[in-house]
Amino acid sequence: MRVANAANYYMDLTKTDLTDKEFKAELTQCFKNINYLFEKEIILFGDVQLLLDTTTVYRLARELASKMYGRDLVTMSVSITLLNAVFVLIKRKATDEARKVLNATCQLNFQPMIY
């Protein structure tokens, strides 16, 4: 997974696709098999979204938003992950999906920043 993190950041900074389809498919399959997103998986999902296919990014973002809906407070890592999903979907010209994720994100009760 560290390789996936590094590849994701490099791709974002350089606009270069350095992964092969087999690696992306394997990583996508790993996320499709996750039944519950714990904090670690939420952060990892946020870090490797560029390596996942558009459908998986959209599905996981919507699932995450749905699971967080109605909670008293939603953590900052969830907000960052969901907003990152919106940007990834926009980059891929999936604007309708990005809008749906953003609308779902706006309905959440985010934890305030304490300075």
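Reader: How much of the protein chain is made up of buried residues?

Author: Buried residues make up 37% of the 115 residues in the protein chain. Buried means under 20% relative accessible area, exposed means over 50%, and partly exposed is in between, with a 1.4 Å probe and protein chains only. One caution: this is a predicted model, where local features need pLDDT of at least 70 and side-chain atom pairs count only at pLDDT 80 or more, while totals for chains, interfaces and linings use all residues. Residues are numbered from 1 along each chain as its sequence is written, and side-chain values use heavy atoms, leaving out hydrogens and water.

Reader: What makes up the secondary structure of the protein chain?

Author: Six helices and zero strands, so helices (H or I, at least four residues) and strands (E, at least two) are DSSP runs, numbered from the N terminus. Read from the N terminus on, the elements go α-α-α-α-α-α.

Reader: Why is T56 called buried?

Author: T56 has a relative accessible area of 1%, so T56 counts as buried, the cut-off being under 20%. You'll find T56 in helix 4 (residues 54-68).

Reader: Which residues does T56 touch, not counting those up to four places away in sequence?

Author: T28, F31 and K32. A contact means heavy atoms within 4.5 Å. T56 and Q29 are also worth a look: 27 residues apart in sequence, they sit 9.1 Å apart in space, C-alpha to C-alpha.

Reader: How do you know that helix 2 is roughly parallel to helix 4?

Author: Helix 2 and helix 4 pack at an angle of about 20 degrees, with their axes 10 Å apart. That makes helix 2 roughly parallel to helix 4, because angles under 35 degrees count as roughly parallel, over 145 as roughly antiparallel, 65 to 115 as roughly perpendicular and the rest as oblique. Axes are lines fitted to C-alpha atoms, for helices over the stretch in contact, and angles run from 0 to 180 degrees between N-to-C directions. On the helix 2 side, T28, F31 and K32 meet T56, R59 and L60 of helix 4.

Reader: What makes helix 3 roughly parallel to helix 5?

Author: Helix 3 (residues 39-47) and helix 5 (residues 76-91) pack at an angle of about 30 degrees, with their axes 9 Å apart. With the cut-off at under 35 degrees, that makes helix 3 roughly parallel to helix 5. Their contact is made by E39, I42, I43, F45 and G46 of helix 3 and S77, V78, T81 and N84 of helix 5.

Reader: Which residues touch the most other members of the largest nonpolar core?

Author: F31, V48, L52, L64, V78 and L82, out of 28 residues. Helix 2 (21-32), helix 3, helix 4, helix 5 and helix 6 (95-106) each supply at least two residues of this core. A nonpolar core is a set of buried Ala, Val, Leu, Ile, Met, Phe, Trp, Tyr and Cys residues joined through side-chain atoms within 4.5 Å. V78 touches I42, L64 and M68, not counting residues up to four places away in sequence.
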